[in-house]
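Subject: Structure handover

Hello,

Please find the structure below. My notes on the helix packing, the sheet and the domains follow it.

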Amino acid sequence: MSTKSDRQFDPASLRRCVPRGALQIVERIAGAGGQAFLVGGCLRDLLLGRSPKDWDIATDLTPEQVRSLFRRVHEVGAAFGTLLVPRRDGIYEVTTFRTESTYSDGRHPDEVTYTHRLEEDLQRRDFTINAMAWDLRGERIEDPFGGIEDLSRRQIRAVGNPGERFREDALRLLRAVRFATQLGFHIEKETWEAVGVASEGLKRISAERIREELNLIMLAPKPSTGLLLLQAAGLLRIILPELEACRGVKQNRFHAYDVFTHSLLAADAAPQNNLVIRMAALLHDIAKPETREERHGDFTFYAHQVLGARKAHRILRRLRYPNEERERITHLIYHHMFYYEPKWTDSAVRRFAHTVGLENIPDLIHLRLADMIGNGRKSGDTSPLQALLRRVDEVIAKDTALSVKDLAIGGHELMDLGVPKGPGIGQILRALLEKVLDDPEVNTGEALLEEARAMIAAGVHLPLDRPARGFTHTETAGDEPGRS
Ligand code: ATP
Ligand code: MG
(Lines give C-alpha, C1' and ligand atoms only; values in the text may rest on other atoms or scores of the structure.)
(Ligands and ions follow the chains in the order given, each with its own letter.)
Protein backbone atom coordinates (compact mmCIF):
# COMPACT_ATOMS: atom_id res chain seq x y z
CA MET A 1 0.00 0.00 0.00
CA SER A 2 1.40 3.19 1.14
CA THR A 3 3.71 6.01 0.57
CA LYS A 4 7.09 5.30 1.94
CA SER A 5 9.10 8.03 3.46
CA ASP A 6 12.52 7.70 4.98
CA ARG A 7 12.81 11.27 6.16
CA GLN A 8 13.27 11.71 9.90
CA PHE A 9 13.05 7.95 10.27
CA ASP A 10 15.92 6.00 11.72
CA PRO A 11 14.40 2.65 12.70
CA ALA A 12 17.28 1.45 14.85
CA SER A 13 17.41 4.51 17.07
CA LEU A 14 13.64 4.80 17.20
CA ARG A 15 13.30 1.18 18.26
CA ARG A 16 15.45 1.95 21.28
CA CYS A 17 12.75 4.37 22.45
CA VAL A 18 10.02 1.72 22.37
CA PRO A 19 9.38 0.06 25.73
CA ARG A 20 10.04 -3.67 26.13
CA GLY A 21 6.39 -4.45 26.72
CA ALA A 22 5.36 -3.08 23.34
CA LEU A 23 8.16 -4.98 21.57
CA GLN A 24 7.15 -8.22 23.30
CA ILE A 25 3.49 -7.83 22.35
CA VAL A 26 4.28 -7.10 18.72
CA GLU A 27 6.69 -10.08 18.57
CA ARG A 28 4.21 -12.44 20.15
CA ILE A 29 1.43 -11.47 17.74
CA ALA A 30 3.81 -11.77 14.78
CA GLY A 31 4.97 -15.16 16.11
CA ALA A 32 1.35 -16.31 16.03
CA GLY A 33 1.07 -15.27 12.38
CA GLY A 34 -0.68 -11.97 12.96
CA GLN A 35 0.15 -8.45 11.88
CA ALA A 36 1.00 -6.00 14.64
CA PHE A 37 1.80 -2.31 14.41
CA LEU A 38 2.49 0.60 16.66
CA VAL A 39 -0.18 3.12 15.61
CA GLY A 40 -1.62 6.53 16.27
CA GLY A 41 -0.41 9.06 18.80
CA CYS A 42 2.53 7.05 20.11
CA LEU A 43 4.13 6.71 16.68
CA ARG A 44 3.49 10.39 15.99
CA ASP A 45 5.15 11.35 19.26
CA LEU A 46 8.09 8.98 18.72
CA LEU A 47 8.77 10.58 15.35
CA LEU A 48 8.60 14.01 16.94
CA GLY A 49 10.93 13.03 19.75
CA ARG A 50 8.20 13.54 22.35
CA SER A 51 7.35 10.98 24.99
CA PRO A 52 4.11 9.19 24.15
CA LYS A 53 1.31 9.29 26.71
CA ASP A 54 0.06 5.81 25.92
CA TRP A 55 1.09 3.00 23.58
CA ASP A 56 -1.38 1.63 21.03
CA ILE A 57 -0.89 -1.52 19.04
CA ALA A 58 -3.14 -2.47 16.12
CA THR A 59 -3.50 -6.02 14.87
CA ASP A 60 -5.52 -8.09 12.42
CA LEU A 61 -6.09 -10.76 15.07
CA THR A 62 -9.52 -10.71 16.66
CA PRO A 63 -9.81 -9.89 20.36
CA GLU A 64 -10.39 -13.61 21.07
CA GLN A 65 -7.16 -14.51 19.28
CA VAL A 66 -5.25 -11.79 21.12
CA ARG A 67 -6.69 -12.98 24.42
CA SER A 68 -5.40 -16.49 23.81
CA LEU A 69 -1.83 -15.20 23.44
CA PHE A 70 -1.56 -13.53 26.83
CA ARG A 71 -2.00 -14.81 30.32
CA ARG A 72 -3.71 -11.67 31.53
CA VAL A 73 -5.80 -9.11 29.64
CA HIS A 74 -8.36 -6.51 30.70
CA GLU A 75 -11.59 -6.37 28.76
CA VAL A 76 -12.26 -2.64 29.12
CA GLY A 77 -12.86 -1.72 25.46
CA ALA A 78 -13.64 -5.21 24.15
CA ALA A 79 -16.88 -4.08 22.47
CA PHE A 80 -14.79 -1.88 20.15
CA GLY A 81 -12.09 -4.47 19.63
CA THR A 82 -9.68 -3.13 22.25
CA LEU A 83 -8.02 -5.17 24.96
CA LEU A 84 -5.66 -3.87 27.58
CA VAL A 85 -2.60 -6.05 27.92
CA PRO A 86 -0.59 -5.48 31.09
CA ARG A 87 3.17 -6.03 30.92
CA ARG A 88 5.79 -5.48 33.55
CA ASP A 89 6.54 -1.94 32.34
CA GLY A 90 3.00 -0.77 31.70
CA ILE A 91 -0.38 -1.42 30.15
CA TYR A 92 -0.79 -1.56 26.37
CA GLU A 93 -3.89 -1.13 24.24
CA VAL A 94 -4.22 -3.79 21.58
CA THR A 95 -6.96 -3.06 19.07
CA THR A 96 -8.18 -5.16 16.17
CA PHE A 97 -8.08 -3.37 12.80
CA ARG A 98 -11.52 -1.97 12.28
CA THR A 99 -13.60 0.25 10.08
CA GLU A 100 -16.31 2.50 11.34
CA SER A 101 -19.63 2.88 9.62
CA THR A 102 -21.77 6.02 9.59
CA TYR A 103 -22.03 8.25 12.63
CA SER A 104 -25.69 9.18 12.76
CA ASP A 105 -25.34 11.00 16.07
CA GLY A 106 -22.11 12.82 15.20
CA ARG A 107 -20.41 11.14 18.15
CA HIS A 108 -20.23 7.37 17.89
CA PRO A 109 -19.98 5.03 14.92
CA ASP A 110 -23.22 3.10 14.46
CA GLU A 111 -21.24 -0.06 13.92
CA VAL A 112 -17.66 -1.26 14.25
CA THR A 113 -16.47 -3.88 11.79
CA TYR A 114 -13.18 -5.76 11.98
CA THR A 115 -10.97 -5.88 8.94
CA HIS A 116 -7.74 -7.55 7.88
CA ARG A 117 -6.51 -4.47 6.06
CA LEU A 118 -4.35 -2.03 7.97
CA GLU A 119 -5.11 0.75 5.52
CA GLU A 120 -8.82 0.59 6.33
CA ASP A 121 -8.00 0.96 9.98
CA LEU A 122 -5.75 3.94 9.31
CA GLN A 123 -8.48 5.51 7.19
CA ARG A 124 -10.89 5.82 10.12
CA ARG A 125 -8.37 7.85 12.09
CA ASP A 126 -8.73 11.60 12.42
CA PHE A 127 -5.55 13.29 11.22
CA THR A 128 -2.74 12.19 8.91
CA ILE A 129 -0.15 12.47 11.68
CA ASN A 130 -2.28 10.06 13.74
CA ALA A 131 -2.82 7.65 10.85
CA MET A 132 0.56 5.97 10.50
CA ALA A 133 1.72 2.52 11.57
CA TRP A 134 5.05 0.78 12.14
CA ASP A 135 5.60 -2.93 12.70
CA LEU A 136 8.76 -2.18 14.73
CA ARG A 137 10.87 -4.48 12.59
CA GLY A 138 10.71 -3.07 9.09
CA GLU A 139 12.56 -0.15 7.64
CA ARG A 140 9.42 1.68 6.66
CA ILE A 141 6.44 3.31 8.15
CA GLU A 142 3.01 2.68 6.71
CA ASP A 143 1.89 6.17 5.89
CA PRO A 144 -0.87 6.16 3.27
CA PHE A 145 -2.04 9.74 3.90
CA GLY A 146 1.25 11.61 4.08
CA GLY A 147 1.54 11.93 7.83
CA ILE A 148 5.33 12.14 7.81
CA GLU A 149 5.20 14.93 5.29
CA ASP A 150 2.68 16.76 7.48
CA LEU A 151 4.88 16.25 10.52
CA SER A 152 7.69 17.98 8.71
CA ARG A 153 5.35 20.75 7.58
CA ARG A 154 4.11 20.94 11.13
CA GLN A 155 0.50 20.77 10.11
CA ILE A 156 -2.73 19.11 11.19
CA ARG A 157 -4.63 17.74 8.22
CA ALA A 158 -7.71 15.55 8.25
CA VAL A 159 -7.62 12.09 6.71
CA GLY A 160 -9.94 12.17 3.71
CA ASN A 161 -12.61 14.84 3.30
CA PRO A 162 -12.34 17.14 6.32
CA GLY A 163 -15.96 18.27 6.24
CA GLU A 164 -17.20 14.68 6.31
CA ARG A 165 -14.79 13.71 9.04
CA PHE A 166 -15.96 16.56 11.29
CA ARG A 167 -19.59 15.78 10.59
CA GLU A 168 -18.99 12.14 11.54
CA ASP A 169 -17.47 13.05 14.88
CA ALA A 170 -17.51 16.63 16.11
CA LEU A 171 -15.01 15.90 18.88
CA ARG A 172 -12.41 16.01 16.11
CA LEU A 173 -12.99 19.78 15.89
CA LEU A 174 -11.52 20.15 19.34
CA ARG A 175 -8.88 17.52 18.73
CA ALA A 176 -7.61 19.51 15.74
CA VAL A 177 -7.22 22.61 17.89
CA ARG A 178 -5.78 20.62 20.76
CA PHE A 179 -3.07 18.92 18.66
CA ALA A 180 -2.20 22.25 17.02
CA THR A 181 -1.78 23.77 20.47
CA GLN A 182 0.12 20.89 22.05
CA LEU A 183 2.49 20.43 19.14
CA GLY A 184 2.78 24.06 18.02
CA PHE A 185 1.46 23.07 14.55
CA HIS A 186 -0.87 24.98 12.25
CA ILE A 187 -4.08 23.56 10.86
CA GLU A 188 -3.92 22.98 7.11
CA LYS A 189 -6.14 25.36 5.12
CA GLU A 190 -8.87 23.04 3.89
CA THR A 191 -9.10 21.31 7.28
CA TRP A 192 -9.27 24.67 9.03
CA GLU A 193 -12.06 25.93 6.79
CA ALA A 194 -13.99 22.75 7.50
CA VAL A 195 -13.62 23.31 11.25
CA GLY A 196 -15.39 26.65 10.90
CA VAL A 197 -18.17 25.16 8.80
CA ALA A 198 -18.77 22.22 11.15
CA SER A 199 -18.44 24.13 14.45
CA GLU A 200 -22.12 23.84 15.43
CA GLY A 201 -21.68 20.07 15.63
CA LEU A 202 -19.80 20.56 18.88
CA LYS A 203 -23.14 21.12 20.61
CA ARG A 204 -23.75 17.38 20.38
CA ILE A 205 -20.58 16.50 22.26
CA SER A 206 -20.78 15.73 25.97
CA ALA A 207 -19.46 18.25 28.48
CA GLU A 208 -17.00 15.70 29.85
CA ARG A 209 -15.31 15.14 26.49
CA ILE A 210 -15.18 18.87 25.83
CA ARG A 211 -13.65 19.41 29.26
CA GLU A 212 -10.94 16.82 28.62
CA GLU A 213 -9.88 18.52 25.38
CA LEU A 214 -10.06 21.97 26.97
CA ASN A 215 -7.82 20.72 29.77
CA LEU A 216 -5.24 19.48 27.28
CA ILE A 217 -5.29 22.87 25.58
CA MET A 218 -4.92 24.60 28.94
CA LEU A 219 -1.94 22.41 29.85
CA ALA A 220 -0.12 23.06 26.57
CA PRO A 221 2.87 25.40 26.65
CA LYS A 222 0.77 28.28 25.28
CA PRO A 223 -2.96 27.81 25.80
CA SER A 224 -3.68 31.18 24.16
CA THR A 225 -2.82 29.65 20.79
CA GLY A 226 -5.63 27.14 21.18
CA LEU A 227 -8.08 29.59 22.69
CA LEU A 228 -7.58 31.99 19.78
CA LEU A 229 -8.14 29.12 17.34
CA LEU A 230 -11.29 28.12 19.22
CA GLN A 231 -12.49 31.69 19.03
CA ALA A 232 -11.72 32.11 15.35
CA ALA A 233 -13.44 28.82 14.48
CA GLY A 234 -16.64 29.68 16.35
CA LEU A 235 -16.03 26.94 18.93
CA LEU A 236 -15.35 29.20 21.90
CA ARG A 237 -18.82 30.71 21.83
CA ILE A 238 -20.17 27.17 22.27
CA ILE A 239 -17.77 26.05 24.99
CA LEU A 240 -17.18 29.28 26.91
CA PRO A 241 -19.55 32.01 25.70
CA GLU A 242 -18.70 33.97 28.86
CA LEU A 243 -15.09 34.27 27.71
CA GLU A 244 -16.15 35.16 24.20
CA ALA A 245 -18.13 38.03 25.79
CA CYS A 246 -14.88 39.46 27.21
CA ARG A 247 -13.69 40.35 23.71
CA GLY A 248 -13.43 44.07 23.18
CA VAL A 249 -14.15 44.86 26.85
CA LYS A 250 -11.70 47.68 27.45
CA GLN A 251 -10.04 48.08 30.82
CA ASN A 252 -8.56 50.90 32.84
CA ARG A 253 -5.27 52.64 32.20
CA PHE A 254 -3.20 49.95 33.98
CA HIS A 255 -4.05 47.44 31.27
CA ALA A 256 -2.74 47.31 27.75
CA TYR A 257 -5.33 44.78 26.58
CA ASP A 258 -9.05 44.06 26.61
CA VAL A 259 -10.35 41.51 29.12
CA PHE A 260 -10.26 38.65 26.61
CA THR A 261 -6.63 39.09 25.57
CA HIS A 262 -5.61 39.76 29.16
CA SER A 263 -7.26 36.51 30.29
CA LEU A 264 -5.44 34.51 27.61
CA LEU A 265 -2.08 36.04 28.43
CA ALA A 266 -2.63 35.43 32.13
CA ALA A 267 -3.38 31.77 31.37
CA ASP A 268 -0.13 31.53 29.35
CA ALA A 269 1.80 33.07 32.21
CA ALA A 270 0.42 30.69 34.86
CA PRO A 271 2.55 27.61 35.68
CA GLN A 272 2.17 25.08 32.88
CA ASN A 273 1.78 21.98 35.00
CA ASN A 274 -1.01 23.41 37.13
CA LEU A 275 -4.51 23.18 35.67
CA VAL A 276 -6.14 24.86 38.67
CA ILE A 277 -4.04 28.02 38.42
CA ARG A 278 -4.31 28.06 34.63
CA MET A 279 -8.10 27.83 34.73
CA ALA A 280 -8.26 30.43 37.51
CA ALA A 281 -6.08 32.72 35.39
CA LEU A 282 -8.32 32.20 32.37
CA LEU A 283 -11.51 32.92 34.31
CA HIS A 284 -10.33 35.38 36.98
CA ASP A 285 -11.85 38.42 35.25
CA ILE A 286 -14.85 36.64 33.76
CA ALA A 287 -17.31 39.00 35.48
CA LYS A 288 -15.63 42.16 34.25
CA PRO A 289 -18.07 42.74 31.40
CA GLU A 290 -21.05 43.06 33.73
CA THR A 291 -19.30 44.90 36.56
CA ARG A 292 -17.71 47.59 34.42
CA GLU A 293 -18.69 51.16 35.22
CA GLU A 294 -17.27 54.33 33.84
CA ARG A 295 -16.05 56.85 36.40
CA HIS A 296 -14.17 60.03 35.63
CA GLY A 297 -13.22 58.77 32.21
CA ASP A 298 -11.85 55.47 33.51
CA PHE A 299 -13.39 52.07 34.23
CA THR A 300 -14.02 50.34 37.53
CA PHE A 301 -14.99 46.69 38.04
CA TYR A 302 -16.28 46.72 41.57
CA ALA A 303 -16.60 43.25 43.19
CA HIS A 304 -15.79 41.49 39.93
CA GLN A 305 -13.85 38.86 41.85
CA VAL A 306 -16.93 37.88 43.86
CA LEU A 307 -19.26 37.78 40.88
CA GLY A 308 -16.49 36.19 38.87
CA ALA A 309 -16.09 33.33 41.34
CA ARG A 310 -19.81 32.70 41.16
CA LYS A 311 -19.87 32.83 37.40
CA ALA A 312 -16.83 30.55 37.12
CA HIS A 313 -18.57 28.13 39.45
CA ARG A 314 -21.49 27.88 37.03
CA ILE A 315 -19.18 27.47 34.04
CA LEU A 316 -17.14 24.74 35.72
CA ARG A 317 -20.27 22.95 36.81
CA ARG A 318 -21.62 23.06 33.27
CA LEU A 319 -18.35 21.59 32.00
CA ARG A 320 -18.54 18.93 34.71
CA TYR A 321 -15.28 19.75 36.42
CA PRO A 322 -14.76 17.59 39.51
CA ASN A 323 -15.98 19.37 42.64
CA GLU A 324 -12.56 19.64 44.21
CA GLU A 325 -11.04 21.34 41.15
CA ARG A 326 -14.05 23.61 40.81
CA GLU A 327 -13.82 24.72 44.44
CA ARG A 328 -10.09 25.39 44.24
CA ILE A 329 -10.41 27.39 41.02
CA THR A 330 -13.29 29.53 42.26
CA HIS A 331 -11.59 30.07 45.61
CA LEU A 332 -8.55 31.51 43.85
CA ILE A 333 -10.75 33.74 41.71
CA TYR A 334 -12.65 34.98 44.76
CA HIS A 335 -9.42 36.02 46.49
CA HIS A 336 -7.36 37.18 43.54
CA MET A 337 -7.72 40.88 44.37
CA PHE A 338 -5.95 40.66 47.74
CA TYR A 339 -3.87 43.67 48.57
CA TYR A 340 -0.52 43.26 50.23
CA GLU A 341 1.97 45.81 51.41
CA PRO A 342 5.28 45.21 53.15
CA LYS A 343 4.06 47.14 56.17
CA TRP A 344 1.55 44.43 57.04
CA THR A 345 2.02 43.29 60.63
CA ASP A 346 2.60 39.62 61.40
CA SER A 347 -0.95 39.52 62.66
CA ALA A 348 -2.20 40.77 59.28
CA VAL A 349 -0.20 38.03 57.53
CA ARG A 350 -1.76 35.43 59.84
CA ARG A 351 -5.25 36.83 59.18
CA PHE A 352 -4.65 36.66 55.46
CA ALA A 353 -3.44 33.07 55.75
CA HIS A 354 -6.51 32.25 57.82
CA THR A 355 -8.94 33.78 55.30
CA VAL A 356 -7.37 32.33 52.18
CA GLY A 357 -6.11 29.07 53.66
CA LEU A 358 -2.41 28.54 54.03
CA GLU A 359 -2.33 25.80 51.41
CA ASN A 360 -3.78 28.15 48.78
CA ILE A 361 -1.37 31.01 49.19
CA PRO A 362 1.37 29.86 46.80
CA ASP A 363 -1.29 29.23 44.12
CA LEU A 364 -2.86 32.61 44.77
CA ILE A 365 0.49 34.32 44.43
CA HIS A 366 1.18 32.49 41.18
CA LEU A 367 -2.23 33.61 39.94
CA ARG A 368 -1.44 37.18 40.87
CA LEU A 369 1.93 37.04 39.10
CA ALA A 370 0.23 35.65 35.99
CA ASP A 371 -2.36 38.41 36.24
CA MET A 372 0.40 41.03 36.38
CA ILE A 373 2.26 39.56 33.41
CA GLY A 374 -1.03 39.43 31.51
CA ASN A 375 -1.48 43.16 31.99
CA GLY A 376 1.08 43.78 29.32
CA ARG A 377 2.46 46.86 31.00
CA LYS A 378 5.81 46.62 32.65
CA SER A 379 4.63 48.48 35.73
CA GLY A 380 4.30 45.53 38.05
CA ASP A 381 6.93 44.95 40.67
CA THR A 382 6.69 41.36 41.82
CA SER A 383 9.02 41.67 44.78
CA PRO A 384 6.23 42.41 47.33
CA LEU A 385 4.54 39.15 46.31
CA GLN A 386 7.80 37.24 46.70
CA ALA A 387 8.19 38.88 50.11
CA LEU A 388 4.68 37.82 51.09
CA LEU A 389 5.48 34.25 50.10
CA ARG A 390 8.55 34.35 52.36
CA ARG A 391 6.56 35.77 55.25
CA VAL A 392 3.91 33.09 54.85
CA ASP A 393 6.68 30.49 54.96
CA GLU A 394 7.76 32.01 58.27
CA VAL A 395 4.22 31.70 59.60
CA ILE A 396 4.16 28.04 58.57
CA ALA A 397 7.56 27.46 60.18
CA LYS A 398 6.32 28.91 63.46
CA ASP A 399 3.42 26.48 63.44
CA THR A 400 0.95 29.08 64.68
CA ALA A 401 -2.77 28.44 64.79
CA LEU A 402 -4.54 29.60 61.63
CA SER A 403 -7.81 27.79 61.98
CA VAL A 404 -10.13 26.74 64.76
CA LYS A 405 -8.83 23.19 64.73
CA ASP A 406 -5.34 24.43 65.63
CA LEU A 407 -6.54 25.98 68.90
CA ALA A 408 -5.24 24.58 72.18
CA ILE A 409 -8.83 23.98 73.35
CA GLY A 410 -11.87 22.67 71.51
CA GLY A 411 -15.60 22.14 71.80
CA HIS A 412 -15.32 19.63 74.66
CA GLU A 413 -13.59 22.09 76.95
CA LEU A 414 -16.26 24.69 76.18
CA MET A 415 -19.04 22.22 76.98
CA ASP A 416 -17.27 21.52 80.28
CA LEU A 417 -17.61 25.25 80.94
CA GLY A 418 -21.34 24.92 80.44
CA VAL A 419 -21.79 26.03 76.79
CA PRO A 420 -24.52 23.85 75.28
CA LYS A 421 -23.78 21.83 72.16
CA GLY A 422 -24.71 23.89 69.09
CA PRO A 423 -23.68 26.97 67.14
CA GLY A 424 -22.54 28.79 70.30
CA ILE A 425 -19.47 26.53 70.47
CA GLY A 426 -18.33 27.60 66.99
CA GLN A 427 -19.01 31.23 67.84
CA ILE A 428 -16.67 31.12 70.82
CA LEU A 429 -14.00 29.12 69.01
CA ARG A 430 -13.97 31.67 66.18
CA ALA A 431 -13.69 34.51 68.66
CA LEU A 432 -10.79 32.70 70.36
CA LEU A 433 -9.10 32.25 67.00
CA GLU A 434 -9.32 36.00 66.43
CA LYS A 435 -7.37 36.50 69.65
CA VAL A 436 -4.77 33.93 68.64
CA LEU A 437 -4.34 35.42 65.17
CA ASP A 438 -3.54 38.71 66.91
CA ASP A 439 -1.22 37.09 69.41
CA PRO A 440 -0.14 33.46 68.94
CA GLU A 441 1.21 33.42 72.52
CA VAL A 442 -2.39 33.17 73.77
CA ASN A 443 -2.75 29.74 72.24
CA THR A 444 -2.32 27.77 75.47
CA GLY A 445 -5.00 25.78 77.25
CA GLU A 446 -4.85 27.96 80.32
CA ALA A 447 -5.01 31.32 78.54
CA LEU A 448 -7.79 30.22 76.19
CA LEU A 449 -9.92 28.83 79.03
CA GLU A 450 -9.65 32.15 80.75
CA GLU A 451 -10.64 34.01 77.57
CA ALA A 452 -13.50 31.56 77.04
CA ARG A 453 -14.88 32.16 80.53
CA ALA A 454 -14.94 35.90 79.91
CA MET A 455 -16.65 35.37 76.56
CA ILE A 456 -19.29 33.13 78.09
CA ALA A 457 -19.96 35.72 80.77
CA ALA A 458 -20.41 38.28 77.99
CA GLY A 459 -22.77 35.96 76.11
CA VAL A 460 -20.62 35.48 72.99
CA HIS A 461 -22.15 32.04 72.52
CA LEU A 462 -25.75 33.27 72.57
CA PRO A 463 -27.78 33.69 69.38
CA LEU A 464 -27.47 37.17 67.94
CA ASP A 465 -31.16 37.94 68.29
CA ARG A 466 -31.08 37.22 72.06
CA PRO A 467 -30.02 40.03 74.47
CA ALA A 468 -26.67 39.15 75.97
CA ARG A 469 -26.00 39.02 79.66
CA GLY A 470 -23.46 41.52 80.85
CA PHE A 471 -24.71 44.14 78.43
CA THR A 472 -26.61 46.99 79.94
CA HIS A 473 -28.25 48.33 76.85
CA THR A 474 -31.27 46.48 75.54
CA GLU A 475 -30.47 46.50 71.87
CA THR A 476 -27.80 44.04 70.80
CA ALA A 477 -28.76 43.35 67.21
CA GLY A 478 -26.09 44.66 64.88
CA ASP A 479 -23.71 44.98 67.77
CA GLU A 480 -22.17 41.59 67.72
CA PRO A 481 -20.50 40.92 71.05
CA GLY A 482 -17.12 39.29 71.05
CA ARG A 483 -16.46 39.78 67.36
CA SER A 484 -13.88 42.39 66.66
P1 ATP B 1 -2.70 11.62 23.03
O2 ATP B 1 -1.30 12.05 22.96
O3 ATP B 1 -3.59 12.61 23.64
O4 ATP B 1 -2.91 10.25 23.59
P5 ATP B 1 -3.55 10.38 20.60
O6 ATP B 1 -3.40 10.79 19.16
O7 ATP B 1 -2.82 9.16 21.01
O8 ATP B 1 -3.16 11.61 21.48
P9 ATP B 1 -5.87 9.05 21.57
O10 ATP B 1 -7.15 9.66 22.01
O11 ATP B 1 -5.01 8.34 22.55
O12 ATP B 1 -5.07 10.23 20.86
O13 ATP B 1 -6.24 8.09 20.37
C14 ATP B 1 -5.31 7.21 19.76
C15 ATP B 1 -5.51 7.23 18.25
O16 ATP B 1 -6.85 6.86 17.93
C17 ATP B 1 -5.33 8.59 17.60
O18 ATP B 1 -3.97 8.87 17.32
C19 ATP B 1 -6.16 8.44 16.35
O20 ATP B 1 -5.47 7.70 15.38
C21 ATP B 1 -7.33 7.61 16.83
N22 ATP B 1 -8.45 8.44 17.31
C23 ATP B 1 -8.71 8.82 18.57
N24 ATP B 1 -9.84 9.55 18.64
C25 ATP B 1 -10.31 9.65 17.40
C26 ATP B 1 -11.44 10.27 16.81
N27 ATP B 1 -12.30 10.96 17.54
N28 ATP B 1 -11.60 10.14 15.47
C29 ATP B 1 -10.74 9.44 14.73
N30 ATP B 1 -9.66 8.84 15.21
C31 ATP B 1 -9.42 8.93 16.53
MG1 MG C 1 -2.90 8.31 22.88
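Helix α8 (residues 171–183) packs against helix α10 (residues 207–218) at an angle of about 15 degrees, and their axes are 9 Å apart. That angle makes α8 roughly parallel to α10 (under 35 degrees is roughly parallel, over 145 roughly antiparallel, 65 to 115 roughly perpendicular, and the rest oblique). Axes here are lines fitted to C-alpha atoms, for helices over the stretch in contact, with angles running from 0 to 180 degrees between N-to-C directions. Helices (H or I, at least four residues) and strands (E, at least two) are DSSP runs, numbered from the N terminus.

The crossing of α8 with α10 is left-handed (the near helix is turned anticlockwise from the far one by less than a right angle; clockwise is right-handed). On the α8 side the contact uses L171, L174, R175, V177, R178, T181 and Q182, and on the α10 side R209, I210, E213, L216 and I217. Contact means heavy atoms within 4.5 Å. By class, the contact of α8 with α10 has 6 nonpolar, 2 polar and 4 charged residues (Ala, Val, Leu, Ile, Met, Phe, Trp, Tyr, Cys and Pro count as nonpolar, Asp, Glu, Lys and Arg as charged, and the others, Gly among them, as polar).

This is a predicted model, in which local features need pLDDT of at least 70, side-chain atom pairs count only at pLDDT 80 or more, and totals for chains, interfaces and linings use all residues. Residues are numbered from 1 along each chain as its sequence is written, chains are lettered from A and ligands numbered from 1 in the order in which they are written, and side-chain values use heavy atoms, with hydrogens and water left out.

Helix α20 (residues 361–374) packs with helix α15 (residues 275–283) at about 45 degrees, with the axes 10 Å apart. That makes α15 oblique to α20, and their crossing is right-handed. I277, A280 and A281 of α15 meet D363, H366 and L367 of α20. The residues of this contact divide into 4 nonpolar, 1 polar and 1 charged.

Helix α18 (residues 323–335) also packs with α20: the axes come within 10 Å and cross at roughly 60 degrees. The two helices are therefore oblique to each other, and α18 passes α20 in a right-handed crossing. R328, L332 and H335 of α18 make the contact with D363, L364 and L367 of α20. Those residues divide into 3 nonpolar, 1 polar and 2 charged.

β3 pairs with β4 (residues 90–96) in the antiparallel sense over 6 bridges, and the two form a hairpin with 2 residues between them. Bridge partners across this pair include V85 with Y92 and T82 with T95. β2 and β4 pair in the parallel sense over 4 bridges, and A58 stands opposite T95 in β4.

Finally, the protein is divided into domain 1 (11–150), domain 2 (155–239) and domain 3 (244–397), with bounds from an automatic or database domain assignment. The centres of domain 1 and domain 3, taken over C-alpha atoms, are separated by 44 Å.

Regards

Note on methods:
Pairing = 2+ DSSP bridges.
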